[in-house]
Amino acid sequence: MSFTKYDVAVIGSGPGGFSAAVRAAQLGAKVALIEKSLIGGTCLNCGCMPTKFLWQSLNAKQKIRKADAYGFKANLEVFNFSDIIAKKDKTIANLRKGMELILSSYGIDIIKGSATFKSKDALEVLDENNKTDEVRAEKIIIASGSKPAVIKGFAFDGKKIISSTDVLNLKELPKTILIVGGGAIGVEMAAIFAGFGSQVTIAEYAACLMPSEDSEISAEINKNLQRAGVEVLTACTDALNNIDKYEKVLIVTGRAPNDSLEIENAGIKTDKKGFIKTDSYCKTNVDNIYAVGDIAGKNLLAYTAQSEGEVAAENAVKGSLLENSCVAIPQVVFSAPPAACVKIKDFESYKNIVYGKIPFTASGRAFIENERTGFVKCAVDADSKKTLAFWIVGAHADELINTAAQIIKSGKIPSREDFFHPSLSESLYNAYEDAFGKSTETAKISGNR
Ligand SMILES: Cc1cc2nc3c(=O)[nH]c(=O)nc-3n(C[C@H](O)[C@H](O)[C@H](O)COP(=O)(O)OP(=O)(O)OC[C@H]3O[C@@H](n4cnc5c(N)ncnc54)[C@H](O)[C@@H]3O)c2cc1C
Ligand SMILES: NC(=O)c1ccc[n+]([C@@H]2O[C@H](COP(=O)([O-])OP(=O)(O)OC[C@H]3O[C@@H](n4cnc5c(N)ncnc54)[C@H](O)[C@@H]3O)[C@@H](O)[C@H]2O)c1
């Protein structure tokens, strides 16, 4: 069999593989990007981007409803769910074209097909016509991502029992939907489908939704979902015992590795769940092979996958020892309104912490925007006066959290003139002031600390 030899072969074109391929090409390497499905991976095709399109569509609906507050008479409650899905598909296709353009601008060879390891530097690629090709490379970066985890006895049938991928392609709005799993995907889907008018039940194993979140954030998410008409079942271990009454059952109880790569042929080690073990340089136990993103099982987020992809490419091409170090990773769940948090990496080591909290009802800008739900909470090291964490629920929390992360990372003490007035981000400063009982934005008796 003939083969083509590359400096770097990347498996998977999600955020991890895409950024690894582009960075390796920027550094002068001859790069192959092998993809068995659509360019863009989970993030673009069935994850971050389509969910955020639907969430934005819901925001548009809610904005129309609030138009009256600004003197407009608008009644556009009539919508066709299949039109929303069609517009989502068109937007995703356009974004995909953009990614393909970038890859081709760097002269990256896109090889369509499913890759398996033959040895530590040779891959077999099987295309959709059952034709095989061989790709050899000095360095291989695995970015094969993850897939929805399956609950035994409840395999996805794409009709009634559906995955996060299936739910994004429904052509009709379900009248009733049971969502099993109250993590990031479950909460986002509950907010979206309830907002569009489905009768939603969400069932979570743990004692609260988003169990790994701060308890006040979790409670606020719960409250807002209930306000939107969602039935929330927590500490629920038997959600799947009575599914007859639901039109659709969406199972979103975590992710499993995309592990059909025959990595044993290259001697690559995994953890017990099948995620590939890597060090801080994104390298596997095999010297020329790196693994990034979901398949490495660290954060299961697009931007951390992207960061790992860039680090792996630098190390693979330059032989450098760049570490994938993060000080504070902002995280967002796109509920309605969104909720977000960012915490310094070694938060638990701080012993003398004071907390501040400010509701959005205390923000003039939130008042003008008619978005008064939620709050900003922060944690400050009482000794150094540096901020250690922010939690935000409310409109634009998804953007505010990036500013919050910069405050934490800078290590500087924030001051009033850092924040434009009137802005929602002033609430970050007001929460900080509240940690020391100095917020001038709330009444003395409000007891907001
Ligand atoms: C519903 C949902 C919403 C999400 N929302 C967000 C969000 O808002 N923000 C966020 O940061 N993260 C979000 N995520 C998580 C995010 O999508 C993933 O963390 C991210 O896509 C991981 O990137 P990756 O490059 O590791 O893998 P993926 O994006 O999964 O890409 C892997 C690619 O590898 C390909 N592949 C697999 N095996 C092979 C093989 N053998 N040969 C060739 N190709 C192969 C796959 O076809 C796929 O295209 C969401 C996920 C879901 C499911
Ligand atoms: N906005 C974002 O950044 C975003 C959005 C969606 C997904 N994601 C990423 O995708 C990953 C996967 O999301 P996910 O929601 O599938 O996983 P998750 O780990 O966030 O949540 C799964 C939830 O299901 C619960 N669960 C498990 N088994 C159950 C059962 N039998 N019955 C009821 N509940 C059960 C768990 O306790 C957990 O709370 C996330 O970890 C996140 O990193 C990110």
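Predicted model: local features only at pLDDT ≥ 70, side-chain atom pairs only at ≥ 80, totals over all residues.
The domain assignment divides the protein chain into domain 1, which comprises residues 5–147 together with 256–318, domain 2, which spans 161–253, and domain 3, which covers 328–435. Between the C-alpha centres of domain 1 and domain 3 the distance is 31 Å, and the contact of these two domains draws on eight residues from domain 1 and four residues from domain 3. On the side of domain 1 that touches domain 3, helix α3 (residues 48–66) contributes the largest share, with five residues. That side of domain 1 consists of three nonpolar, three polar and two charged residues.

An open sheet of five strands is arranged in the order β8-β12-β9-β10-β11, and its pairing is parallel. Its edges are formed by β8 (161–162) and β11 (231–233), each of which pairs on one side only. Strand β10 (residues 199–203) runs parallel to β11 and is joined to it by three bridges; within this pair of strands, Thr 201 has Glu 231 of β11 as its bridge partner. Helix α6 lies across β9 (176–180), β10 and β12 (248–251), and the direction of α6 makes an angle of about 165° with that of β10.

In total, 24 residues surround ligand 2, and the closest of them are Gly 181, Gly 183, Ile 185, Tyr 205 and Leu 300. The elements that supply two or more residues to this shell are α6 (184–196) and β15 (331–333). By residue class, the shell around ligand 2 holds 15 nonpolar, six polar and three charged residues. Because domain 2 (161–253) and domain 3 (328–435) both give residues to this shell, ligand 2 lies between these two domains.

Around ligand 1 there are 37 residues, of which Gly 12, Gly 14, Gly 41, Gly 145 and Gly 293 come nearest. At least two residues of this shell are supplied by each of α1 (15–26), β2 (31–35), α2 (41–46), α3, β4 (114–119) and α8 (302–318). The shell around ligand 1 is made up of 15 nonpolar, 18 polar and four charged residues.

Terms used
Residues numbered from 1 in each chain as written. Chains lettered and ligands numbered in written order. Near = placed C-beta within 6 Å. Helix = DSSP H or I, 4+ residues; strand = E, 2+ residues; numbered from the N terminus. Nonpolar A, V, L, I, M, F, W, Y, C, P; charged D, E, K, R; others polar. Domains from an automatic or database assignment. Pairing = 2+ DSSP bridges. Contact = placed C-beta atoms within 7 Å. Axes fitted to C-alpha atoms, helices over the stretch in contact; angles between N-to-C directions.
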